[in-house]
Amino acid sequence: MKRKAVIIGGGPAGLAAAVSLKDNGIEDVLILERGSSLGGILTQCIHNGFGLHTFKEELTGPEYAARFIEMAKERNVEALLNTMVVDISHDKVITCMSKDKGIFTIEAESVILAMGCRERPRGALNTPGYRPAGIYSAGTAQRFVNIEGKMPGKEVVILGSGDIGLIMARRMTLEGAKVKAVAEIMPYSGGLKRNIVQCLDDFGIPLKLSTTVVDIKGKDRVESVTLAKVDDKMTPIPGTEEVIPCDTLLLSCGLLPENELSDKMGVKLSPVTGGPIVDESLNTNIPGVFACGNVLHVHDLVDYVSEEATLAGKFAAEYIKEGERPINGPEFKIETGKGVRYTVPVTVHPDRAPELTTVRFRVGNVYKDPEICVYMGDKCVLRRKKQICAPGEMEQVIIKKADLKNLKDGEKIVVCLENVL
Amino acid sequence: MESKTLTCINCPMGCQVTITYEMKDGRINEETMTVTGNTCLRGKTYAISEVTNPVRTVTGTVGLSNRELRVVPVKTKTPVPKDKVPDVAKALADVKVEAPVHIGDVVIKNVCGTGSDIVITDNIE
Amino acid sequence: MDRYDVLIIGAGVTGSSIARELSRYDLKIAVLEKASDVCEGTSKANSGIVHAGFDAKPGTKKALFNVKGSLMMEELSKELDFPYKRNGSLVLCFSKEDEPKLDELLKRGEQNGVKDIRILSHDEVKELEPNVSDEVVSALYAPTGAIVCPFGLTIAMAENAAVNGAEFFLDHEVTDIQKAEEGFLVKAGGDNFISKLIINAAGVCADMIHNMVCEDKISIVARKGEYCLYDKKVGNTVSCTVFKLPGAYGKGVLVTPTVHGNLLVGPTATDVPDKEDVSTTAEGLSKVAEDGGASLVSLPARSVITSFAGLRAHADQGDFIIGESSVPGFFDAAGIESPGLSAAPAIGVYVAGLIKDRLSAKEKDNFIKTRKGIPNMALATVKERQELIKENPLYGRVVCRCELVTEGEIVDSIKRPLGATTLDGIKRRTRAGMGRCQSGFCSPIAVSILARELGVPLKDITKHGKGSEFVDDHK
């Protein structure tokens, strides 16, 4: 089977990319989704707060997903559900597996990677202690509570103050559980402000910063966890241990872009984000293979996922219509300066770039009153003051084609923070 | 005069908004009120509403009588007073509906006397 | 009250091997296991190494059964369809002064009958294993060293025993043994059993069982070993199992690929008073990283996907205790620490032989020698996958995406003889949940499949038996 545009993943990124491909004149658009419905992780994110940017109203996750599912339906986007992509080759031959169709392959002209991300498991944290029942990643607990209507426990400690952890603190509380503490190893929370306010403060749930789990007790089911303060090297400080009896430990310790397939097909990945290295067209190192959403880098708001995926769809449509364009003119790398952990995109081609290119990035620490700066060569082309930059929130700058055109061979683009210690 | 510092939740900025105010006839005396720390009007509106009438949208699930291992998500159609949140959550505990259900279907009218309805937020055929 | 010819206490690798070998004979056999599944103790948390046999002191039972068992393992893996790979073993030597110890090990190996064993120079070692530390001076190489899936081995033998008529009683902890007129009266899990003979294969608890019956007491110490398991993407860091010479660098922590392609580093060795203490510790995990790291150019610290601890059953005398005890009819297979996994097939044959002779048992003519494992979609060819899905579409529904395990395989693991009744049981039989996300994605699905297939409510589904339930009934 030969197809024009194949999107791997039917979550928010995949849906927005599909809609965009259709809107940009590509008729043959196929979504491959391993789940039994479209919408991805949004279907279990039943809290509200989605869509303020996209729809100018506050929606819940399933409602936000439904809007895009509706748009995809209106445009006759084809989707194969319960279909697992088991392999993609470098030349874009996709091997799929499903109950109904068995093993089959698709030759794609363009592939959009939209597989999303997964949660960091306990092993990655190397938390000592027993391995009883009652330890869940926050997302697993969220699925039990919000999809299946089952409670994973009654007395809960949450490790990590990522958004899913914060959201689950409120969910478990509203369903009758007692959330005893949220421990965060960093001196600040990785979650959104509104979630700290509405999920913890509203219910009097303590957020313990610079604190981690140093022991888990219980042979069959969790009986207690031991928290301890950590020093600035994140090493537990002896004598600060606090044993909290509980039957459940939820882990919300970060998300990892799910790029096993990308890696297999030869897409180059960033060691910082774990996502593909892309240019201003969201094209990976393989021409015609694009990436968007959380598989590219973990986003804070779904609205930005949709926005990025819409762009990926547009660029993929151009690729399909025009074929692989030779790279005329130079390629410039966007380097990260002080305070900036990574940027997406990583490279730009001034000759091909659209009039405006959005560069998204995250900072590595909490910075008060920073100035976000973009340098092209020696010249500062953008300087913007902010009250605060925090690792939990994605930042963006918009760079102009006109500025890119002024770049001379060998010059660098640098995104950095200034006015910071 | 009373003073409260709140984290504005309207956007990812999370402005620390300080509102200093006095109550007059159950309402804020807008003439003497000061709001600082906000970077847009929404911050001011948020601070005022948080000290006069804080509201929250409650989300949760209700059971599906004709589906195994599946509940359906719901929300309050409009935000409800913050102190009613636990009551609203409890009101959802034993509710069951029958599939198919669709976004916007009303499950409970005027939940806990808040004036807001509980509505379905996902489509289950 | 049921009467048996033989009663085996413990369904770990030793008990299961004995049960399988005994099931060749016309005997009524029961296996009593205190856990909710077979392979729940030492057998589930070890290095998964089939030792070549150069380590044990010549003349000991350890040496005898290690070499014999190791030679049987490959054939057994074909008969019973479990993963086995001959990957070779290396013992690294880091200083000139220590080289005589390496020679000693070589001599020991030769004496024990280990084949093709030899010393490699620094360059030869680096050529064979480029990621081994540059500091290595020389190494002992044993090409017959191998790796095996410890769950695969144990479960395969237990299943085969069950198919051949051995009765397994899970959740049956032995609480009392009395000498009766014609054998023994055993209380376990609220039931009473009468048996002519008893075989004690109770792992770290074998002393408790032995001492219920025998005047000459034995003592088994639980020696904890902590491990870190690494992501498959670093699974090819080494191809051999890499040991260090016992010495200044500490001993015991090995670095090995697993038969499934992960990298495994461990174990530590700490004696613990609690025979159920399988907790990992901060000190233990950092020792694993440190000692394991010393064998390599570098250890990919960020790729740890899980850590765990197991307990070895260390007998005071330092050797296996195998054979009839001072009480006639009561047999021990105790103190089975390393190289117990390698030795298990040979221990099974030996102990079964003793029992056969004692009871003058006849071989059955309907013994089923082979066992077909659960189909493995992850390893199957496209054509095999296609056929499996055609036969049963559930083989097309992926449940565990990290390890590519399908609903068909999970249902199979539940439905087969001695099938899985817990999430851990599914995990050890199919690998669902053993991958890099550590069951975050698949556990809700696996739990609901288990509830459906067993016909019980979700709230009764456990991780590893009563008390380890996952969720409450709610809505």
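This is a predicted model: local features need pLDDT of at least 70, side-chain atom pairs count only at pLDDT 80 or more; totals for chains, interfaces and linings use all residues.
Chain C contains 12 helices and 22 strands. Its radius of gyration is 22 Å, close to the 23 Å given by the globule rule for 475 residues, so chain C is as compact as a globular protein of that length. The C-alpha trace of chain C extends over about 65 × 55 × 45 Å along its principal axes. Of the 475 residues of the chain, 59% count as buried. Among contacts in chain C with a separation of 6 or more, 72% are made by residues 24 or more positions apart.

Helix 6 of chain C spans residues 206–213, and C:Ala206, C:Asp207, C:Ile209 and C:His210 are buried in it. These residues cover an arc of only 160° around the axis, and therefore lie on the same side of helix 6 of chain C. The cover over the buried residues of this helix includes strand 1 (2–9), strand 10 (174–180), strand 12 (191–200), strand 13 (220–230), strand 18 (304–315) and strand 20 (330–334) of chain C.

Between the two chains, 37 residues of chain A are in contact with 41 residues of chain C. On the side of chain A that touches chain C, two or more residues each come from strand 6 (83–88), strand 7 (93–98), strand 8 (102–113), strand 9 (117–119), helix 3 (122–125) and helix 4 (138–146) of chain A. Helix 4 of chain A gives the most to this side, with 4 residues. By residue class, the side of chain A that touches chain C comprises 14 nonpolar, 10 polar and 13 charged residues.

Terms used:
Residues are numbered from 1 along each chain as its sequence is written. Chains are lettered from A and ligands numbered from 1 in the order in which they are written. The radius of gyration is taken over C-alpha atoms; the globule rule is 2.2 Å times the number of residues to the power 0.38. A residue is buried if 20 or more other C-beta atoms lie within 10 Å of its own, exposed if 12 or fewer, and partly exposed in between; C-beta atoms are placed from the backbone. Two residues are in contact if their C-beta atoms, placed from the backbone, lie within 7 Å. The arc is that of the directions from the helix axis to the C-beta atoms. Ala, Val, Leu, Ile, Met, Phe, Trp, Tyr, Cys and Pro count as nonpolar, Asp, Glu, Lys and Arg as charged, and the others, Gly among them, as polar.
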